[in-house]
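Hi there,

Here is the structure I promised to pass on. My notes on what turned up follow below.

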Amino acid sequence: MKLNDEENEILAGKAGPVPQQALRHQIKVGEFFDAEDFVPVTQAHIMADTESLGEAGVRWLEGLAAVSHGQRRVRIPTITDPRGTDFANAKLLGQTQAMLDLERRAIAAFEQLGVAMTNTCINYQTIQAPTRNEHAAFGDTGVVIYSNSICGARSNFEGGPSALAAGLTGRTPRYGFHLPELRRGTLRIQVDYTPTTLNGWGALGGVIGRLAGNYWAVPVVEGIDGAPKSDQLKHFGASMASFGSIALFHLVGLTPEAGRLADVADDGLPVHRITKADADALQQSYHTDDQVDVVVFSAPQLSLYELSDLAGLCDGRRFSVPLLAVTSPQVKPDCDRMGYTARIEAAGGNVLSGMCFYQSYAREISEARGWKRLATNSAKLVNILGGYGYRPMLASMEACVDAAVNGKLVRT
């Protein structure tokens, strides 16, 4: 890779061993992907849950934080994805003291490195949405696909060490979706309907993700009416990324780079038609049981508007099975202040903050609480949780709340 003067100095250790180690890692990543050089980035977002880090990962972080000389704090705004617990609700989740202790150690190390513990996967809704053509180093797949597609920013899926390295050096290898030519469409998707529910948007995203099928695919979607809202696009993109590893899509006439089809697609792209029946079939494939052990709203974390809708559905109800609603530390205080938390809790639900269900020892939670049959309106969550021993079911928010009351999910 071509290095400029500053990068050569970092590599030579003039800024200290921490950025030197970070740049060495980034050079290996860049060489793997045939990057010619680095591109400056303005912000970074780190996947930082301790279930993924484990003891070895936390010790590595502590080693970086313990370095006493040279630069060891991040150079650019660097934030974190959901952590592995909500400390206030750890008992509810059946999490052990060892899990909590590991979490506290990771937090301490990140803070010493100058990382802001935002603990969110919806930073584009709550902290600082990236702008068009802004180069960033984001880790969470839902964050990347939303930022690339809806904001017009430029990021690849950055693994945890790579995102931290970007924070420490202020740059990332210039490959993938940092390059204009790789942001052009690779297939056309024509849909004959526009979803109306969040689970419906997630199901459509899942169908497109399965069809596209690989990280370098860029679907160009035609046929969406109106202007979808942020929460709808949040579920659409997160599901597409989950089912197909997709990092970028275009909605013709809607997303920043796709004013016209010709702006993002060449002639002759293969055309695929997707119907409402296709999305309904995906959703029904997850309706494997009528009984429900737990209802979870998570993945991505809920916005204030989602929590407002949920609170309205909870009024006058009483749950017979646990209901968990997971949001960000930025949204939770407003949820409390506006009375949404109290209304959800009055029905027997719980509002959790700063975590995401599948990144929080989901398998251990299942074993501790006996939860197997899980209902959710998140297509991303149902796609993931089967690997953690659950039997996840996808339904609307209304149907999921009804299931929390009755212990049964009615097929729709």
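To start with the sheets, over how many bridges do strand β2 (residues 44-46) and β3 pair, and in which sense? They pair in the parallel sense over three bridges. Before going further, a word on conventions: this is a predicted model, so local features need pLDDT of at least 70 and side-chain atom pairs count only at pLDDT 80 or more, while totals for chains, interfaces and linings use all residues. Residues are numbered from 1 along each chain as its sequence is written, and side-chain values use heavy atoms, with hydrogens and water left out.

Helices (H or I, at least four residues) and strands (E, at least two) are DSSP runs, numbered from the N terminus. Two strands pair if DSSP finds at least two bridges between them.

**The three-stranded sheet**

β2 and β3 belong to an open sheet of three strands in the order β3-β2-β4, with parallel pairing. Its edge strands are β3 (78-80) and β4, each pairing on one side only. Helix α8 (residues 160-169) packs on this sheet and touches β2, β3 and β4, where contact means heavy atoms within 4.5 Å. The direction of α8 makes about 145° with that of β2; axes are lines fitted to C-alpha atoms, for helices over the stretch in contact, and angles run from 0 to 180 degrees between N-to-C directions. As for individual partners, histidine 45 has isoleucine 79 in β3 as its bridge partner.

**The five-stranded sheet**

Another open sheet has five strands, ordered β12-β11-β10-β13-β14, and the pairing is parallel here too. At its edges are β12 (350-353) and β14 (391-394), each of which pairs on one side only. From one strand to the next, the twist averages 25°. Four bridges link strand β11 (residues 323-327) to β12 in the parallel sense, and leucine 324 has asparagine 350 in β12 as its bridge partner. Helix α18 (residues 397-406) packs on this sheet, touching β10 (294-302), β11 and β13 (373-376), and its direction makes about 145° with that of β10.

**A further strand pair**

Strand β6 (residues 187-191) and β7 run parallel and are joined by four bridges. Glutamine 190 stands opposite glutamate 222 in β7. In β7 (residues 219-222), Pro219 and Val221 point one way, Val220 and Glu222 point the other way, and all are buried (buried means under 20% relative accessible area, exposed over 50%, partly exposed in between, with a 1.4 Å probe and protein chains only).

**Two helices in contact**

Helix α7 (residues 141-151) and helix α10 (residues 230-244) pack at an angle of about 120°, their axes 8 Å apart. That makes α7 oblique to α10: angles under 35 degrees count as roughly parallel, over 145 as roughly antiparallel, 65 to 115 as roughly perpendicular and the rest as oblique. Among the α7 residues in this contact are Ile145 and Tyr146, and the α10 residues include Leu233, Lys234 and Met240.

**Backbone details to check**

Most residues other than glycine have a negative phi, and most peptide bonds are trans. A cis peptide bond joins alanine 299 and proline 300, with omega about 0°, and proline 300 lies in strand β10. Asparagine 133 is not a glycine, yet has a positive phi of about 70°. It is found in the loop between α6 (123-126) and β4 (137-138) and, at 42% relative accessibility, counts as partly exposed. Tyrosine 361, also not a glycine, has a positive phi of about 60°. This tyrosine 361 is in the loop between β12 and α16 (362-369) and counts as buried, at 9% relative accessibility.

**Two single residues**

Arginine 369 is found in helix α16 and is partly exposed, with a relative accessible area of 34%. Leaving out residues up to four places away in sequence, arginine 369 touches Leu92 and Leu93. Isoleucine 27 lies in helix α2 (residues 17-32) and is buried, with a relative accessible area of 13%. With that same exclusion, isoleucine 27 touches Met1, Leu3, Leu11 and Phe38. Phenylalanine 38 is 11 residues from isoleucine 27 in sequence and 8.9 Å away in space, C-alpha to C-alpha.

Best wishes
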